[in-house]
Amino acid sequence: MSQPTNAAGQPQNDPKLPPREYTHPGLPEPENKDYAVIGKSKPKIDAREKVTGQARYTADLKFPNMLYGKILTSPYAHARILSIDTSEAEKLPGVKAVITHKDVPTLKYGISPARWDENIFCSETVKFVGDKVAAVACIDEETCYKALKAIKVDYEVLPAVLDPLHAMDEDAPQIHPEYPRNNNTEIHQDFGDVDAAFKQADYVRTDFFVGNRTYQAPLEPHTATSIWQDGKLTVYSSTQSPHYFQYYIAREFGLPMGDVRVIKTYVGGGFGGKLEPTGLEFAGAALSKITGRPVKMFYDRAEMFAHNRGRHRQYMKLTTGVDKEGMILGVHADFIMDGGAYTSLGIASAYYAGAMLTLTYEFDNYRFDMHRVYTNLPACGAQRGHGAPQPRYAFEAHLDNIAKDLGIDPIEIRLKNARRPNTVTPNDYVVNSCEMVACLEKARDVSGWRDKKGHLPPGRGIGIATGSFVSGAGYPIYRTDLPQASAMIKVGEDGTAATLYTGATDIGQGSDTILCQMAAEAMGYTYEQMKIVAADTETTPHDFGAYASRQTLMSGAAVKQAGEEVKTQLLETAGQMLDFPPEQLEVRLGKIFAKDNPDTILTTFEDVARTFFVRKGPLTGRGSYAPPKLGGKFKGAPVGTSPAYSFAAQVSEVEIDQETGEVAVLDVWDVHDCGQVINPALLHAQVHGALYMGMGEAIWEEVRFDKNGKIANPTLGEYRLPTALDMPRVHSSLVPSYEPAGPWGVKEVGEGATLPTMGCFRNAIFDAMGVSVNSLPLTPEKVWSALREKRKADGEEVWDPMTCECYLED
Amino acid sequence: MQAIADKQGVKRYLVDVTVNGDDYSVVVKANTLLVNLLRDEIDLTGTKKGCELGDCGSCTVLLDGKPVDACLVLALEADGCDVITIEGVAQHGELDKLQRSFADNAAIQCGYCTPGMILSAKALLTRNPKPTEPEVRAAISGNLCRCTGYVNIVKAVMAAASGEVTA
Amino acid sequence: MYLPDFDYYAPESLAEATALLVELGPAAKPLAGGTDILVKMKNGLASPSALVSLKNLTELRDIRWEPGRGLVIGALATHNQIRDSEVVQQHFLSISQAAHQLANNQIRNRGTIGGNLVNAIPSADLPPILIALGASVTMVGPDGARTVPLESFFTGPSCCVIEPEGEILTEIVIPEQDTTGSTYIKFGLRKSGALAVVGVATAVTMDGDVIRKARICLGAVYKVPVLAEEAAKVIEGKTWSDELLEQAGRTAVGCCLPISDIRGSDEYRRDLVRVFTRRALKRAITQGHV
């Protein structure tokens, strides 16, 4: 297991000697923990607007002369468009424009430049039920629906690929002619020597698992209002990234980015589903250009499900070799991903699926094979945790199987293999801070693992799993040398308020709040005096937006720099005013004092800021952040790189109804290593939400299809979004941690807590009943079925409900 | 009910409804839903549309004191009724204790479910000022939240009920 | 989403309502809580020419106990009204509990018992317990009133015996009876807002440990709610035991013909019928009307 150097030639620590102290040669030491503004549970900056109904989301905006628009979609999974007749629709009163592929740019787009494979509207074939064919702009919503019905499209229905496992068959229908055998992407990565590791291993086990298609299901439907005026376009959108929207809209319409303004309003959740343009922006822009009026486009709930871009279903074969102590020697992950009809963010999802498996446990030898295939189903993309949660479920289940076979306690085998700080993964991720061991130990202790494991009554079980996630992707989605994040702060002329301008995107997670806390901390100001203007490509400086758990670290770093620039200028002026060396002054919560005499307030932020303005004009600070060059040299090496990684362990306790298979979740414990915390209340809230989403995917949620590839459950009810009555007790706690690569030592939390959840439920069920459910979701029926199979295998009598006497006629 | 037909023969009806204490008379088509009356005609956009099928509770309003999905109530059915929307919860600029409690307990993330949640909770506390946790969960079980796992929402309602939060 | 256009009427009396429905013809539909029909209309599954709102027929909201007749529930009583009604709770807590398990709180504040019955979806939560307790329903039409036992009210998925021209469901009567216990167990895939995968209601008349009479009604496992009479026969006249109830459960499986859909396979549903028939019988036997 010795790893003398990593790919970058840096020395690594011996993993058997966990260095628990935070020592990072060449990196700054932890800062003073006595913070004034960060580390405190400040109420959200937008709380009042949100509790009073004042917060305006995109659908709440009205503009003079505004039209409403909708997109016509395909009723078939795969079909050739023979003709489109819009004449009847155009005749309807109130219809102002009907457009098809003939009226819009035909440049292919996609969020992932590796495969631009989408058009605004289909021209030759439709590739899934929900593929975009035409759009209308009308005087009201009702007329839109009527106009859509009046558009006549003649289709020739083609054979469809609905089973991803047969998408690559020789005789399978071809979805994109450019991608033979429906092979969207394939990955083959090999690190160390897996074959040798398996030969050396005392025990090698293979398991097979299947994930589920799930959907982000934000409560707020996608909406975009486009205003094309004088050759310039303004789009108000429910988006996670104004920047990527601006970039792709400008590219599509051949406009300079400066002529496209994207403004985020309040956003009702995204979870990955609002990261890429949804089609509403493109169609709306075209309709606005044609009609000369603002056009509000929107999806209803079923259309959201059809547009999708949710979690990929993965088929996961895992083989692991261990020694007799349970030390992992080598792992082979061999996956197939159901990508749906387009690439979306799926290339990255495919890399993430395998790449993130190397994080929580240390092993040198790793092989990852992946095929992401096209199918005639809605495209899958990035959902909280990106490609990683399902493989994590599979690996944690696989590891529990190995632990059981070897007679090792599940926590023990994890502790043995747990990643240590200052290590490098076989795929060249540099891990600085890492409290995996502490997370496991604390999870064990707070859950009462030792008292419970093996001692629970029949039907009760306890399970554990781990997870780790990036704190921002090391590289942006398209190739560019723009910094990851930037920020400006403007202090008001009298110093009583300051405004943070940032492109960072608050979609509910609270970035506006914590970035204001960070700005105030860096400036020596108060949170209560902060205001924020965010996520408007015209008024705020560039930032890539809300994805890959990047904003606390990356946007935070830019904000910190901007705040420090304000502080430096402020103290310089204060020094002049007080005739005092500025380097000996400090400012905290708006009060300026000598560093060696903090009890005597010499002057205030406000007074000095006012003087600054009088003497020099606006007091502003600027900051930007670009991570260091990260990652190895192999194909796909940039995916999964990050300045820092969070780590987590979760334990769940369940009770199984042994006759119905119903799983009652009693408690869940999450223990996180997420670096310095900026706002504890919001941080734990992120854990709650991530865990909720993970639980939903573990037990309830699944996008199902009928035999024609149409979604069978496109409602929040039938999709089974868990209700308040379904949620168990949730306990979120932290281990002390400091990340040298993050401002103040921060790391991510919002996605990481989704990763362990599915595995920890599977393992709890496994512990309770000795049955393994190898596909998600872990529904009562699957548990029921597994229990019956087990009873049969154990030689018990199992009554067959299909063979009894029938008293009814059909 | 008296109705006037338009050029296409579609009838219009007059609805008299009291919203947040104010009387409105609005002419609507029969197919106008209460949620659209509120959002489009009276510009009370705090009432959100999430699913339009009664699954999510984002459009919850109090109709004669009871929480209902405004997406499943015809505007005409609210004729003569008293409607409270989220905009009617704070009084004279003072937040209700539930609103304050949601803010204090980090019970808000994206905020899209928040208006409906607060109204469901408000109806519960009016009927049952000291609910148990299961009662709180039952009362908000028709309000879906995708962000919070309900943990802090339940906490916020319990805190408001126990008097830990003062308006 | 939108509702297709329709005309709207809000008559002031039952007579006026039935007359209107006759006049407007079968394309006009009565509107009670609207939680079913408006969803159907939004989904393009119904497009009535007119909706005749029953909201002014306040007399149909009443819930009362009539000695000699039993529990009378007006067709326009909402689910939450039934859940919260002291009269219901006093006589048949099981009905109150069944109403509480239906849909979610907002829907229960609008949806009515009459609408729930007339909508006639096989997984509806109220029919099993009402049938188990021997309820009858009264309909009023242009030709007067008629009463039928609820067990013969349903004719298929979304179909019932109500005449499309002018007939309105007015009340549900649960007769005075000597049952000693009843209950409804719903198995849904979430704890709120879920349709039943299987619903089982039981009502029993006990004489000590002897089951004198039993009625078992199964929901969501046939085109209509179905009485498992053969299963009842297995246990009537016998001293109850877990083994006996298991036998009744197995027999009840023969009284259903479930389909496989996204909520569960037929095999799973059948086994759930066994389990919940046994559990529902035991609960009614040992705990009374719950």
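Author: Start with a term. A residue is buried under 20% relative accessible area, exposed over 50% and partly exposed in between, with a 1.4 Å probe and protein chains only. The model is predicted: local features need pLDDT of at least 70, side-chain atom pairs need 80 or more, and totals for chains, interfaces and linings use all residues. Residues count from 1 along each chain as written, chains are lettered from A and ligands numbered from 1 in written order, and side-chain values use heavy atoms, without hydrogens or water.

Now the pairs. Over all chains, the count is 80 salt bridges (a Lys or Arg side-chain nitrogen within 4 Å of an Asp or Glu carboxyl oxygen). One of them lies within chain A: A:Lys452 pairs with A:Glu653, and their closest N and O atoms are 2.9 Å apart. Helices (H or I, at least four residues) and strands (E, at least two) are DSSP runs, numbered from the N terminus. A:Lys452 sits in helix α12 (residues 449-452) and A:Glu653 in strand β26 (residues 645-656), so this bridge ties together parts of chain A that are 201 residues apart in sequence. Is A:Glu653 buried or exposed? A:Glu653 is buried, at 3% relative accessibility.

Next, a pair between chains. A:Asp657 and C:Arg279 meet through their side chains in a salt bridge, 2.8 Å from N to O. A:Asp657 is in the loop between β26 and β27 (663-673) of chain A, and C:Arg279 is in helix α10 (residues 266-287) of chain C, so the bridge joins two chains. C:Arg279 has a relative accessible area of 26%, so this residue counts as partly exposed.

Helix α10 of chain C also holds a pair of its own. The side chains of C:Asp271 and C:Arg274 form a salt bridge, again with its N to O distance given as 2.8 Å. These two residues are three apart in the helix, about one turn. C:Asp271 is buried, at 2% relative accessibility. C:Arg274 is buried too, at 10%. Bridges with shared partners link both residues into one network. From chain A, that network includes A:Asp657, A:Glu659, A:Arg788 and A:Glu797. From chain C, it includes C:Glu246, C:Arg250, C:Glu267, C:Asp271, C:Arg274, C:Arg278 and C:Arg279.

Step back to the interface of chain A and chain C. It has 39 residues of chain A and 36 residues of chain C in contact (heavy atoms within 4.5 Å). The two chains bury about 3,400 Å² between them, 56% of it on carbon and sulfur atoms; this is the accessible area (1.4 Å probe) lost on being put together, summed over both. On chain A, A:Glu659, A:Trp799 and A:Leu808 lose the most area to chain C, together 19% of what that side buries. How many salt bridges cross between chain A and chain C? The rule finds nine. Two elements of chain A give two or more residues to this side, α3 (141-150) and α18 (780-793). Of these, α3(A) gives the most, with five residues.

Chain A also touches chain B. Here 47 residues of chain B contact 55 residues of chain A. The buried area is about 3,900 Å², 56% of it on carbon and sulfur atoms. Seven salt bridges cross this interface. One of the bridges between these chains pairs B:Lys29 with A:Glu142, 2.8 Å from N to O. On the side of chain B, α1 (34-41), α2 (97-104), α3 (114-127), α4 (133-139) and α5 (151-162) each supply at least two residues.

Last, inside chain A. By an automatic or database domain assignment, chain A has domain 1 (47-55 + 484-625), domain 2 (61-158 + 219-269 + 274-307) and domain 3 (313-475 + 632-793). Between domain 1 and domain 2 of chain A, 18 residues of domain 1 contact 16 of domain 2. About 1,400 Å² is buried between these domains, 53% of it on carbon and sulfur atoms. In domain 1, A:Ile507, A:Thr537 and A:Phe544 lose the most area to domain 2, together 36% of what that side buries. Two salt bridges span these domains. A further pair to look at is A:Arg261 with A:Glu538, with the closest N and O atoms 3.5 Å apart.
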